[in-house]
Amino acid sequence: MAKARVFISSVNEDGLKPLRRSVFRVLEGLGHEPLMWEENLGPWPSYQNPVEKCLEAVEQSDLYLLFIGTRGGTFDAAAGVTVTHSEFIRAVDKGKTVLVWADAETKAIFFSGIAWKLDEYIAHTVQESGSYPAPMQALDFLRSCQEAPPHIDPYVWLLLHDIRQRGIYVEDLARGVETDWRGYFSDLLRRGLLLLPLEPTIAENSNRLEEAETSFDLLAALLPQVTLEPPHDWKVWLNTIRERLQGRTIEHRYGRWNRETVGSYEACNAASLYRRDGDSMRFISCCGRASAVRSFALNDQSSYIALTYAMGPRAEQVYYTESGQKFFYCVRSGPFVATFHFPAGSSWDQLRYIRYKDSVVSAIIGPNTRLVKLVRLLLGGMRA
Amino acid sequence: MKNGIWVSKNGRVSEASGLQPRDALLFAPHGMTSEDLLQEQRSALQQNIKLIRTRLAEATRR
């Protein structure tokens with residue numbers, strides 16, 4: 001019968017050694033298969049890279065335990081992280097269950113001040129230089145940070161910061177207080193037991209999702225082969241699409257893991273459709289709170305409809321006006337330009353838009369990719 | 001049209017520099033189209049389904 005493999009990870013520091021040994025014995029006593037460098041992993045022959053072997057062991061484990069004390073560990077300059085941090089990254093990347101404990105004092109110092117200082121420093125660096133600070137730069141900053149006590153290695157703060165950005169909870173490791181490992185692993189078993197009976201449901205959902213994707217593919221392949229009659233009522237047609245475009249939050253990403261909610265937009269409250277007719281874009285229909293302008297000259301640079309048309313046959317663009325407090329998502333398909341109006345949340349102004357323009361575009365386009373593809377295909381197939 | 005912020009005001013489009021009139025139309029060409037994003041989403045979806053199936057097979061193996 002397969003046993004649960006548990007990788008025990010930490011920096012090799014004296015304060016953590018008794019704890020590592022104790023956890024190893026408890027896990028062994030419970031019938032699991034703990035993996036730990038000083039017990040059953042190393043040392044390997046000199047021709048084998050110990051870091052790579054440790055990372056392989058992390059991959060082969062079912063559960064990854066990380067203990068953080070006051071030492072940062074061996075910094076691998078080529079990787080830009082410590083060996084322990086590499087193990088943590090590998091565990092997360094491979095989708096392992098990750099449990100983290102940190103020395104209670106270290107954790108309290110981090111969350112009471114250093115976390116926010118580091119956030120500010122990173123946001124400032126990103127704004128100034130357009131890129132995330134290099135690890136050595138961040139370590140220099142942390143060395144000069146007044147909130148950081150000298151007896152704790154600055155790399156510990158970088159590791160905790162990464163853990164926090166990934167949304168992983170850090171448990172307290174209080175010195176002199178025995179952790180109830182048996183209770184902890186019983187709780188893990190309980191959580192697994194809740195999910196295991198759902199296996200058929202999860203598998204079924206995956207199958208249905210694949211079928212839906214296959215159907216969408218078929219539709220996308222067939223629609224360009226047919227000519228469609230225009231709908232009896234374009235207003236109803238537009239409104240059917242508009243109703244499906246929801247409001248959402250807008251998140252800004254800092255690097256790969258860090259993200260921040262920077263605003264929102266409301267559900268689409270209007271839509272319009274124009275079609276090229278000679279030298280102008282002629283009004284076809286609108287719905288919701290859109291006003292009808294009969295036509296725009298193709299060279300009218302004040303019109304988002306004419307501007308989008310001029311960008312090419314498959315152009316799409318998100319526009320913003322501060323006076324109207326709206327985002328306009330324009331999509332061109334052949335001779336048509338469809339526009340969807342999203343009221344911007346109250347926090348938006350020009351400066352905010354300029355700062356977060358890419359996040360705004362991703363937040364509006366990203367959740368609607370399939371819908372927009374379908375709209376394009378339908379418009380593209382309409383009889384002239 | 002290169003990346004950056006563009007503005008349509010007084011009937012002309014130009015690269016935006018500094019604050020613009022409140023009724024100006026701002027836009028920023030984006031590196032990713034909805035088609036690019038759709039491909040990314042589909043690729044992620046397939047990987048997720050594969051991971052779920054692998055894990056379910058491991059979890060229910062005796």
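**Salt bridges, step by step**

Guide: Arg20(A) is buried in this predicted model, with a relative accessible area of 6%.

Visitor: Why is Arg20(A) called buried?

Guide: Buried means under 20% relative accessible area. Arg20(A) has 6%, so Arg20(A) counts as buried.

Visitor: What makes Arg20(A) and Glu38(A) a salt bridge?

Guide: The closest N and O atoms are 2.9 Å apart. The cut-off is within 4 Å, so the pair qualifies. The pair links distant parts of the chain. Arg20(A) sits in helix 1 and Glu38(A) in helix 2 of chain A, 18 residues apart.

Visitor: Is Glu38(A) buried, partly exposed or exposed, and why?

Guide: Glu38(A) has 40% relative accessibility.

Visitor: What makes the pair Glu210(A) and Arg53(B) one that joins two chains?

Guide: Their side chains meet in a salt bridge, 3.1 Å from N to O. Glu210(A) lies in helix 9 of chain A and Arg53(B) in helix 1 of chain B, so the pair joins two chains.

Visitor: How many salt bridges are found over all chains?

Guide: A search of the whole structure finds 23.

Note on methods:
Residues numbered from 1 in each chain as written. Chains lettered and ligands numbered in written order. Predicted model: local features only at pLDDT ≥ 70, side-chain atom pairs only at ≥ 80, totals over all residues. Heavy atoms only, no water. Helix = DSSP H or I, 4+ residues; strand = E, 2+ residues; numbered from the N terminus. Buried < 20%, exposed > 50% of the residue type's maximum accessible area, 1.4 Å probe, protein only.
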